[in-house]
Number of protein chains: 2
Amino acid sequence: MTVSRRTILTGTLAAGVVAAGPALAAPATQVERWGVFEIAMPGPAQGNPFDDVCVAAVFECDGRHVRVPGFYDGDGTYRIRFSPDAMGQWRWRSESNVASLDGRTGAFRCGLPGKANRGPVRVTRDGFHFAYADGTPYRQIGTTSYSWALQSDAKCAETLATLAAAPFNKMRMLVFPNVPSVATDPFVRTGAGPRDWDAARFDPAYFRRYEDRLRKLGELGIEADVILFHPYDVKRGYSDMRRADDERYVRYVAARFGAFRNVWWSMANEYDDVKSKSDADWDHLFQVLQAADPHDRLRSIHQIKRYYDHRKPWITHASVQNGHAVLDDGRAELHRAMTEKPVIFDEVCYEGDIAKRWGNLSAQGLVERFWWGTIGGTYVGHSETFASDHNADFSWLGQGGTLRGASAPRLAFLRRILDDGPVPGIDPIQTWWGYRLGGREHDYYLRYFGADSPSEWPVVLPGKGAEALRSYRADIIDTWNMTITPAGSFTMAQMNEYDVHDPARPTLALPGRPWIAVRLVRT
Amino acid sequence: MTVSRRTILTGTLAAGVVAAGPALAAPATQVERWGVFEIAMPGPAQGNPFDDVCVAAVFECDGRHVRVPGFYDGDGTYRIRFSPDAMGQWRWRSESNVASLDGRTGAFRCGLPGKANRGPVRVTRDGFHFAYADGTPYRQIGTTSYSWALQSDAKCAETLATLAAAPFNKMRMLVFPNVPSVATDPFVRTGAGPRDWDAARFDPAYFRRYEDRLRKLGELGIEADVILFHPYDVKRGYSDMRRADDERYVRYVAARFGAFRNVWWSMANEYDDVKSKSDADWDHLFQVLQAADPHDRLRSIHQIKRYYDHRKPWITHASVQNGHAVLDDGRAELHRAMTEKPVIFDEVCYEGDIAKRWGNLSAQGLVERFWWGTIGGTYVGHSETFASDHNADFSWLGQGGTLRGASAPRLAFLRRILDDGPVPGIDPIQTWWGYRLGGREHDYYLRYFGADSPSEWPVVLPGKGAEALRSYRADIIDTWNMTITPAGSFTMAQMNEYDVHDPARPTLALPGRPWIAVRLVRT
């Protein structure tokens with residue numbers, strides 16, 4: 001299962017028409033569900049097409065209409081990308097303020113999705129987890145490599161090969177570079193100075209290159225958490241543009257990237273360190289993004305210190321930086337309780353060896369954070385800051401390449417455990433009473449002991465009445481050595497008003513090592 | 001200081017005119033700042049005055065106008081209560097749909113507040129603490145006695161005598177009874193059945209009695225957190241009224257009680273257990289309350305499981321039920337980070353001996369919660385559930401009376417420490433890095449060890465550069481035995497990129513007992 005997902009799945013995310021550069025092909029007549037249908041049309045190249053030309057298409061199927069904005073791809077070519085979410089016959093008609101792009105029509109059939117195509121990831125009905133559109137649970141095991149997509153083709157290929165063998169199903173990545181990169185100019189340059197660029201003119205090659213990386217991630221089954229702004233490019237100032245420029249940029253990436261089903265939007269990394277933008281600016285940009293994205297991809301924003309108000313309606317899930325919170329399932333759980341959304345701790349410090357305390361976690365320390373986050377019903381993100389000169393810029397976190405740490409295999413092990421776990425995911429169980437259990441009541445429990453090394457665990461589960469009087473098989477999980485050891489079964493009887501236990505077996509012997517978890521699965 | 005505050009301060013909260021019952025007196029001509037100016041006017045007693053008569057007065061001082069709704073107090077008497085927040089000459093003019101109540105005018109002078117009158121409690125500018133309007137910090141040490149005000153005069157006197165000797169500066173109290181009470185009928189009864197009452201007709205005597213208790217709390221310097229709705233009166237159904245009845249009730253209590261400067265509004269206790277109301281209903285009632293309350297008293301809402309969105313603009317502070325959160329300063333702090341408001345853990349389980357786990361905390365366990373909450377920059381609430389028959393209804397929590405527990409003196413000790421602490425309050429210090437310190441950086445630190453019994457503490461403070469290289473005198477605080485032992489001083493030098501310590505004295509010896517805190521105060 002895991003292996004087949006890693007096979008390169010040619011064509012599943014490729015556009016219905018591959019129309020690179022100025023050569024235009026006729027639109028496809030057949031597209032898989034959640035694939036990309038693309039219209040390429042010739043149009044004016046003079047003036048500033050990014051500002052002067054509006055183009056969109058209205059797609060219709062069974063009476064439902066979806067209006068999809070297009071974008072200028074340079075060299076007189078305009079593209080409209082649409083990912084149909086319903087099978088059937090779709091018709092489209094273009095709209096433009098330019099006659100040659102207006103009123104063009106066409107049709108295509110949307111058929112069954114390809115084998116590895118499960119659709120985009122959505123928030124589940126319960127509000128705290130994720131699933132692909134076809135219903136398959138999505139248990140986020142993320143990583144971050146901020147500027148990997150902006151490196152050389154060879155380096156990108158190395159990163160992709162690393163990812164193909166790694167457990168990660170989400171990659172956080174910047175649009176604008178934050179570390180030394182091959183691709184550095186999303187906008188047309190107007191001079192040699194760092195601020196000599198024209199915010200009104202995108203360089204299509206920059207974005208074409210970036211979307212090639214998005215597609216390749218998709219072929220590996222990896223979601224791309226595309227970070228639109230960040231505070232680290234103070235020289236170039238890409239996050240300090242005027243509002244109209246921000247709007248143009250947000251609309252451009254929404255039109256270019258939004259049809260790829262593995263795209264998520266992260267409005268900003270450390271938004272609260274972008275000094276040129278206020279809360280109202282961010283709110284506004286979310287509204288612009290929502291309006292510009294008919295595909296309604298997931299939306300979040302990541303902070304350094306000051307939490308954004310994740311209850312705002314345009315936020316689909318909380319993206320959080322907080323390493324301390326995931327050292328305690330209770331702290332992790334509170335993020336769910338306070339946001340009423342799925343929670344991803346996208347930054348919890350990194351496995352590495354740099355001097356900065358945010359980049360010198362042990363592998364054990366990083367894996368521990370994933371486990372506490374899991375028990376708290378949340379998700380966690382990985383990255384690595386190993387680099388030969390201890391400069392994080394050149395590490396996996398900055399540029400990608402290869403992994404040097406020891407956490408990734410343990411996260412693959414965790415992912416297998418989650419894949420065998422309850423649907424749609426692990427929920428915290430009576431957190432307020434300190435049981436430190438995650439799972440699903442009366443069905444599945446994970447108890448985690450972190451750095452403690454207990455020699456036994458009193459097996460006490462919360463519950464009252466018939467539904468709590470179940471039998472469970474136990475496994476002792478060594479989360480570091482990646483072993484699962486069957487440990488017999490427990491048949492529960494009422495212990496007191498609040499709890500059940502097995503009177504014949506009140507405790508479970510444990511190995512007295514750290515990083516142990518216990519799994520109880522109803523039999 | 002503490003003693004003088006406990007003296008009964010006759011007149012400081014009494015209305016400018018004491019006009020109990022139908023006998024009307026002329027309005028006062030002189031009122032202290034933040035006192036109560038009251039207009040009493042005769043008017044129609046026929047029909048339903050609660051619905052048929054609108055009365056208000058517009059107060060003017062130095063060009064500022066405040067419109068204050070009045071209320072019907074029975075027996076043909078209408079009252080308008082106003083608490084002026086500015087000294088000077090005030091003029092007023094009444095408005096009504098009844099001619100005899102309309103267009104009446106008057107004036108009074110607002111002078112200096114009385115000695116113990118510090119004005120209403122407000123949120124401080126930093127957003128996380130409280131202070132009286134005169135600037136005096138208010139460090140909340142709350143208690144709860146839900147139906148104390150509805151007991152006999154003798155029992156209420158007993159409760160007030162207990163409070164006069166106790167450390168509490170806030171009382172949570174229901175308007176509608178939840179346990180056996182002497183006063184049970186806020187509305188005029190229409191029959192013998194539990195639901196035989198007329199939501200459109202208040203019983204003024206019920207509210208007159210309640211406000212007598214509010215005044216007496218005020219005289220003791222105790223804020224009254226007035227809980228408007230709760231889910232425990234399923235028989236009477238006071239929390240299941242129609243929207244129009246809820247609105248009438250909210251407006252009535254706002255007009256009657258809002259001028260008392262010690263009143264806070266708690267929209268509901270365990271709001272999420274009131275099954276007849278939706279989030280939209282609560283939002284609406286907050287808007288009604290805001291509009292009905294020109295005094296703009298503090299507003300909150302208390303949950304059992306599902307957090308209300310405390311970032312909503314009508315919420316002045318988060319009122320939280322969560323005993324687990326205040327066993328960890330990091331969990332407590334997250335409530336500030338997520339709400340960006342002051343946080344009061346109004347329910348953290350109670351010191352007591354009932355069988356229910358929410359009511360059998362040890363005194364040590366309750367005091368511990370106060371301390372962790374303090375380190376996390378938040379505030380905590382007390383109550384007791386000791387009762388001869390282990391029935392919480394008859395305990396301090398239910399009816400008031402006397403305290404039997406051992407926590408209250410330790411909370412008085414904590415309050416003295418807080419009163420000697422930084423202004424406006426204790427803030428969490430670099431919570432995300434696990435220092436477990438509260439205070440004010442480079443100035444004042446509290447480190448708390450809870451149930452641990454360390455024999456020493458490595459005195460390491462976060463900080464970099466000149467501002468961190470300070471000297472501190474240390475005290476070892478035994479939070480249970482209520483002792484403060486001077487422990488010499490520390491002169492800080494840079495230890496690493498993030499921390500300072502005293503190289504000549506890297507650790508502080510501790511007594512090896514639980515419930516120890518260390519205080520460092522800059523010298």
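**A close look at Asn262(A)**

Mentor: The side chain of Asn262(A) comes to 3.1 Å from the backbone oxygen of Ile222(A), a polar contact, that is, a pair of N or O atoms within 3.5 Å in which, within protein, one must be able to donate a hydrogen and the other to accept it, while residues adjacent in sequence count only if both atoms are side-chain atoms. This is a predicted model, in which local features need pLDDT of at least 70 and side-chain atom pairs count only at pLDDT 80 or more, whereas totals for chains, interfaces and linings use all residues. Residues are numbered from 1 along each chain as its sequence is written, chains are lettered from A and ligands numbered from 1 in the order in which they are written, and side-chain values use heavy atoms, with hydrogens and water left out.

Asn262(A) sits in the loop between helix H5 (243-257) and strand E17 (263-268) of chain A, where helices (H or I, at least four residues) and strands (E, at least two) are DSSP runs numbered from the N terminus. Asn262(A) counts as buried because its relative accessibility is 3%, and buried means under 20% relative accessible area, with a 1.4 Å probe and protein chains only.

Turning to the two chains, 32 residues from chain B and 32 residues from chain A take part in the contact, which means heavy atoms within 4.5 Å. Between chain B and chain A there are 6 salt bridges, each a side-chain nitrogen of Lys or Arg within 4 Å of a carboxyl oxygen of Asp or Glu; one of them joins the side chains of Glu497(B) and Lys356(A) at 2.4 Å, N to O.

Terms used:
Buried means under 20% relative accessible area, exposed over 50%, partly exposed in between (1.4 Å probe, protein chains only).
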